[in-house]
Amino acid sequence: MLEALAEKPIKWKYVTIVPTDDLLVPLDDPRSHVKKLAQLFLTRGARVLPLAPEHEDYHMAGAAADARLRDTKWPPDLVLLGMGPDGSTAGIRESADMEEALDGPPEKIAVGLLPDDGDTPLVTITKAAICEARTVVVLLKGAASQTMLESEIEQGATSMAPIGRIFADLSVPVDIYVEN
């Protein structure tokens with residue numbers, strides 16, 4: 001989808017792209033989300049901002065990202081979300097930091113997160129930041145993901161999954177696309 005978007009005749013010099021989450025890995029690491037975005041959009045003239053600075057302490061990386069995003073034009077025009085099989089989205093998943101990402105101070109834009117599964121620490125934008133966007137687009141893979149999303153939306157604020165809790169507070173237009 002990003003490749004198709006990059007081919008669109010958009011005035012890219014007016015576009016700033018920030019990943020919704022990124023792992024705390026070097027920028028040249030193949031797992032770096034900003035690296036993928038930069039490869040697609042920098043050559044078209046877009047501005048691509050790293051979310052996660054190279055910092056070993058994920059809390060400090062989250063605070064640095066939060067400060068950097070405060071210096072950008074906020075709120076975003078568009079937030080593009082995917083959804084993991086567990087209802088995670090934008091890197092928000094089971095961790096000791098999940099509640100801060102979902103229900104932390106409303107002025108907080110980004111936080112650091114250490115997944116419970118021991119995966120690589122990351123920085124993510126918060127639910128409050130997502131809910132400030134002018135438009136939200138959700139991309140799903142398959143009918144099972146669509147069914148899960150519908151269930152999580154129905155559960156709303158009582159959902160155990162980040163995607164359900166985010167949808168409970170969204171008041172902006174949401175477009176949902178399902179790839180079969």
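Author: Start with burial. Buried means under 20% relative accessible area, exposed means over 50%, and partly exposed lies in between (1.4 Å probe, protein chains only). Here W12 is buried, at a relative accessible area of 7%.

Reader: What kind of model is this, and how are residues numbered?

Author: This is a predicted model: local features need pLDDT of at least 70, side-chain atom pairs count only at pLDDT 80 or more, and totals for chains, interfaces and linings use all residues. Residues are numbered from 1 along each chain as its sequence is written, and side-chain values use heavy atoms, with hydrogens and water left out.

Reader: How many aromatic pairs does a search of the whole structure find?

Author: Rings of Phe, Tyr and Trp (its six-membered ring) pair if their centres lie within 6.5 Å; planes under 30 degrees apart count as stacked, over 60 as edge-to-face and the rest as tilted. The search finds 1 aromatic pair. The ring centres of W12 and F41 are 5.1 Å apart and their planes stand at 50°, so the pair is tilted.

Reader: Where do W12 and F41 lie?

Author: Helices (H or I, at least four residues) and strands (E, at least two) are DSSP runs, numbered from the N terminus. W12 sits in the loop between helix 1 (2-6) and strand 1 (16-17), and F41 in helix 2 (residues 33-41), so the pair ties together parts 29 residues apart in sequence. F41 is buried, at 1% relative accessibility.

Reader: At what angle do helix 6 and helix 7 pack?

Author: Axes are lines fitted to C-alpha atoms, for helices over the stretch in contact, and angles run from 0 to 180 degrees between N-to-C directions. Under 35 degrees is roughly parallel, over 145 roughly antiparallel, 65 to 115 roughly perpendicular, and the rest oblique. Helix 6 (residues 143-155) and helix 7 (residues 162-169) pack at about 55°, with axes 8 Å apart. The two helices are therefore oblique to each other.

Reader: Which residues in helix 6 and helix 7 meet?

Author: Contact means heavy atoms within 4.5 Å. L149, E152 and I153 in helix 6 meet I163, G164 and F167 in helix 7.

Reader: Which peptide bond is cis?

Author: The bond from W74 to P75 is cis, with omega near 10°. P75 is in the loop between helix 3 and strand 4 (78-81).

Reader: Which residue has a positive phi although it is not a glycine?

Author: A90 does, with phi about 55°. A90 lies in the loop between strand 4 and helix 4 (98-103). A90 is buried, at 6% relative accessibility.
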